[in-house]
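This report covers the pockets, the cavity and the aromatic rings of one protein model. Look at the structure first, then read on.

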Amino acid sequence: MPRPVKFFYDLLSTHSRALYMFFEATKIPYDPIPVCATKGEHLTDEYRECVNRFQQVPSIIDDGFKLSNGVTILKYLIREKLIPEHWYPRDSQLRAKIDEYLEWQHDNSSKVCNAFVQEKWSLQNIEDERSSEQKVEEYRRQVEQNLNQLEREWLVPGRFIIGDRITIADILAACEIEQPKIVGMDPFQGRPKLAAWLEKVRFTMTPYYQEAHQDFYKFTEKAAAKN
């Protein structure tokens, strides 16, 4: 019997939440090892030497093989484990369309969402002199543009991002789109197609979606009350 995959994660991380749902939905045997990034638990010498030299979450160790980066981990698990094909189909064109979305997300929405959340969080909570309302508003504008493009170019009513079945593109996108809620932005306001798609993802991934986001929603509520 294969050893469980050691999964190091923090559910405030978008890729950690996506991987948690993936592990649960596919029933890949795994050993969950929570890492609190807000306390710097991933920045210790032990973590760097024993888990991940880049000191990132999420990370995995699969029978001694160490790997980081959420998308890379997902594709590795798909190659190495027995999972339903719909997550990343063998069909070359379907797989290419998923890759096309993932590249678009990496080059566009990931960068601006991360920059917006980091800048707004710094302005609200750290009083970082490098942060400013002007920067926050510029990043917010870019986030709005990317959300509009996602809804316009990638979403068809009643379907997932690529076809009629859920794929890794959907869980990665859903977790990322939720992230601006940490700093008080509602990504679904005025975007009915986006909201309907997310509800379809949530329903399909129940109860794993709710489990993956439970701590995130609590953190978001505390941040909203503080600000």
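## The largest pocket

The largest pocket of this predicted model has a volume of about 1200 Å³. A pocket is an open set of points, on a 1 Å grid over the protein atoms alone, with protein on both sides within 12 Å along at least five of seven lines; lining residues have an atom within 4 Å of a point. Grid points are joined across faces, edges and corners, and a volume is the space filled by probe spheres set on the points. The lining has 31 residues, of which Ser13, Thr14, Val57, Asn114 and Gln179 are the closest to the pocket centre.

Where does the largest pocket lie? Domain 1 (5–83) and domain 2 (92–225) both give residues to its lining, so the pocket lies between them. The domain bounds come from an automatic or database domain assignment. Helix H1 (14–26), helix H3 (70–80), H4 and H5 each supply at least two lining residues, and H5 gives the most, with seven. Helices (H or I, at least four residues) and strands (E, at least two) are DSSP runs, numbered from the N terminus. By class, the lining has ten nonpolar, 16 polar and five charged residues. Here Ala, Val, Leu, Ile, Met, Phe, Trp, Tyr, Cys and Pro count as nonpolar, Asp, Glu, Lys and Arg as charged, and the others, Gly among them, as polar.

## The second largest pocket

The second largest pocket has a volume of about 200 Å³. Its lining consists of Tyr9, Asp10, Leu11, Leu12, Pro34, Val35, Cys36, Thr38 and Asp215. Six of these residues are nonpolar, one is polar and two are charged.

## The cavity

A cavity is a set of grid points where a 1.4 Å probe fits but cannot get out. The whole structure has one cavity of 30 Å³ or more. The volume of the largest cavity is about 60 Å³. Tyr101, Trp104, Ser109, Cys113, Val143, Asn146, Leu147, Leu150, Glu176 and Ile177 line it.

At least two lining residues come from each of helix H4 (92–107), helix H5 (109–126), helix H6 (133–154) and helix H7 (168–178). H6 gives the most to this lining, with four residues. The classes here are seven nonpolar, two polar and one charged.

## Aromatic rings

A pair of aromatic rings is described by the distance of the centres and the angle of the planes. Rings of Phe, Tyr and Trp (its six-membered ring) pair if their centres lie within 6.5 Å; planes under 30 degrees apart count as stacked, over 60 as edge-to-face and the rest as tilted. The count by this rule is eleven aromatic pairs. Phe8 and Tyr47 are edge-to-face, because their ring centres are 6.1 Å apart and their planes are at 90°. This pair links distant parts of the chain: Phe8 is in strand S1 (residues 5–9) and Tyr47 in helix H2 (residues 45–50), 39 residues apart. Phe23 and Tyr30 are stacked, because their ring centres are 4.6 Å apart and their planes are at 25°.

Phe8 is buried at 8% relative accessibility, and Tyr47 is buried at 5%. Buried means under 20% relative accessible area, exposed over 50%, partly exposed in between (1.4 Å probe, protein chains only). Phe23 and Tyr30 are also buried. Ring pairs link Phe7, Tyr9, Phe23 and Tyr30 into a cluster.

Arg17 lies over the face of Phe216, at 4.1 Å from the ring centre. A charge sits over a ring if NZ of Lys or CZ of Arg is within 6 Å of the ring centre and within 35 degrees of the ring normal.

## Notes on the model

Residues are numbered from 1 along each chain as its sequence is written, and side-chain values use heavy atoms, with hydrogens and water left out. In this predicted model, local features need pLDDT of at least 70 and side-chain atom pairs count only at pLDDT 80 or more, while totals for chains, interfaces and linings use all residues.
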